[in-house]
Amino acid sequence: EEIATIADWTERAHGERKQTVRDEIDRLYALDHRVNEGEYTIRTKSGETRVWEFSSTPFGALPDGRRLVISVGIDVTDRKQAEQSAAQLASIVTSSNDAIIGTTREGRILSWNDAARQLYGYMATEMMDESIDCLSLPDRAGELPDVLARLRQAESFIDQEMTCVRKDGSTIDISLTVSPITDGAGTVIGGSVIARDISVRKRDERIVRENESRLRLLLHQIPAILWTTDNELHFTSSTGSGLASLKLLPDEVVGRTLYEFFGSKEEQLPAIQSSLLALKGESTVFEQDWLGNSYQTYIEPLRDSDGNVIGTIGVALDVTARKETEQELIKLNERLEDEVGERTATIRAYAEELKRQTEELTRSNDELDQFVSTVTHDLRAPLRAVTTYCDLLFSCYGDRLDDTANEFLTGTVNAVHC
């Protein structure tokens, strides 16, 4: 009754396109066979837009000559939306960087996207109707079908990591997400397997584990204590071989505050004062004696990934042996200085004695020189007289003297001149 005429129908259902649709309806009266008119977008009474598919069939004529046509309209909105969703899903599957594999309940492969080809090395044509178990390692046969079997036991989806084998025989670490594919009645008819290559992540995890193992080994081998606190100075961790000297086990102090550990609320205590500074973003280094040992301590702000200070991190190195060595070196230096002082005094005394003796020797040499000069002067006068008398003997009696006398006189003169 609300739509009594074709004009009412086109007005209400087609709005601005009413005249175009009315012209198309008028052409139907000339039909002599059934036709599919295609899809039309119409507006319902509630204002909702729907897609209808129309087909028309001629149905004879009235006595007055007017022709009759029966038109059937089917609401295909839901089907169109399903087709669009399927197309979008197919596009996603095709372009996805993750391997997406569709299987039957029994694990026979029905679909295989390009990412699966890149991941496993098989072309889609090679994998159609093959068992997904061919991707399992030989010693883990049945692992993938077992995952699909769990879907039939009402599990909504399964996340699992495993190692699979490629076409070339190499292995690969993958993360699987397996979801059930159901029919309209909700019965599981297959499975959707999404596989992602996690080889790089697994390698990085192994590296992290190795580094952590090395760090733990290092902390157990050096006399150090490592700890962290929250922003209220509650211990959140403690480790390191240095704990043994304090008769503590790793993490034994977790939950206690620095104030409780040191048994003091005095904020001027170096460890507490430095921790309070760390909560303000400052780093400190100091030495402190505790329970008979000496520690060189470093306290830094502990930050989250955004750089916010969420606590403190501290490292205390046991430097007791170093301090003892330093004290021994100081004592040794003092002894050396004393010995050097004593030896310097002895050498100074030797030098003074040598100087005194040198001065005495110089004075003795001067006195000797003076004595020699005096003696020489005193001896020259008699010698000159001897020489004079010898010369007189030569001049007065030389011709009377024999050779021996002349020889004696000549030797005497020569000896005086020497």
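## Ground rules

Ala, Val, Leu, Ile, Met, Phe, Trp, Tyr, Cys and Pro count as nonpolar here, Asp, Glu, Lys and Arg as charged, and the others, Gly among them, as polar. What you're looking at is a predicted model, where local features need pLDDT of at least 70, side-chain atom pairs count only at pLDDT 80 or more, and totals for chains, interfaces and linings use all residues. Residues are numbered from 1 along each chain as its sequence is written, and side-chain values use heavy atoms, with hydrogens and water left out.

## The enclosed space

Rolling a probe the size of a water molecule over the atoms shows where empty space is left. On a 1 Å grid over the protein atoms alone, a cavity is a set of points where a 1.4 Å probe fits but cannot get out, and lining residues have an atom within 4 Å of a point. Grid points are joined across faces, edges and corners, and a volume is the space filled by probe spheres set on the points. That gives 2 cavities of 30 Å³ or more.

The largest cavity comes in at about 250 Å³. It has 18 lining residues, with Ile225, Trp227, Phe261, Phe262 and Ala316 the closest to its centre. What are those lining residues like, nonpolar, polar or charged? They split into 15 nonpolar, 3 polar and no charged. As for helices (H or I, at least four residues) and strands (E, at least two), they are DSSP runs numbered from the N terminus. At least two lining residues each come from β9 (224-230), β10 (235-239), α8 (258-262), β11 (284-290) and β12 (293-303).

## Helix α9

Take α9 (residues 270-279) next: Ala271, Ile272, Ser274, Ser275 and Ala278 are buried, where buried means under 20% relative accessible area, exposed over 50%, and partly exposed in between (1.4 Å probe, protein chains only). They cover an arc of only 165° around the axis, so they sit on the same side of α9; the arc is that of the directions from the helix axis to the C-beta atoms. Their cover includes α8, β11, β12 and β13 (309-318), with contact meaning heavy atoms within 4.5 Å. Just after α9, Gly281 has a positive phi of about 95°.

Over in α2 (residues 18-28), Val21, Ile25 and Leu28 are buried. Down the axis of α2, the buried residues fall within an arc of 40°, so they line one face of the helix. Among the elements covering them are α1 (6-14), β1 (35-43), β2 (49-61) and β3 (67-75).

Ile25 turns up again in the largest pocket, as one of the residues nearest its centre, along with Ile6, Trp9, Phe54 and Ser71. A pocket is an open set with protein on both sides within 12 Å along at least five of seven lines. The volume of the largest pocket is about 310 Å³. Its lining has 16 residues, divided into 10 nonpolar, 4 polar and 2 charged. The largest share, 4 residues, comes from α2.

## Cysteines and a proline

How many disulfides does the structure hold? The count is 0, a disulfide being a pair of cysteine sulfur atoms within 2.5 Å. The sulfur of Cys134 is 9.5 Å from its closest cysteine sulfur, in Cys164, so the two are too far apart for a bond. Cys134 is partly exposed at 33% relative accessibility, whereas Cys164 is buried at 1%.

Pro138 is in the loop between α5 (124-127) and α6 (143-151). With a relative accessible area of 75%, Pro138 is exposed. Its C-alpha atom is 54 Å from that of Asp318, 180 residues apart along the chain.
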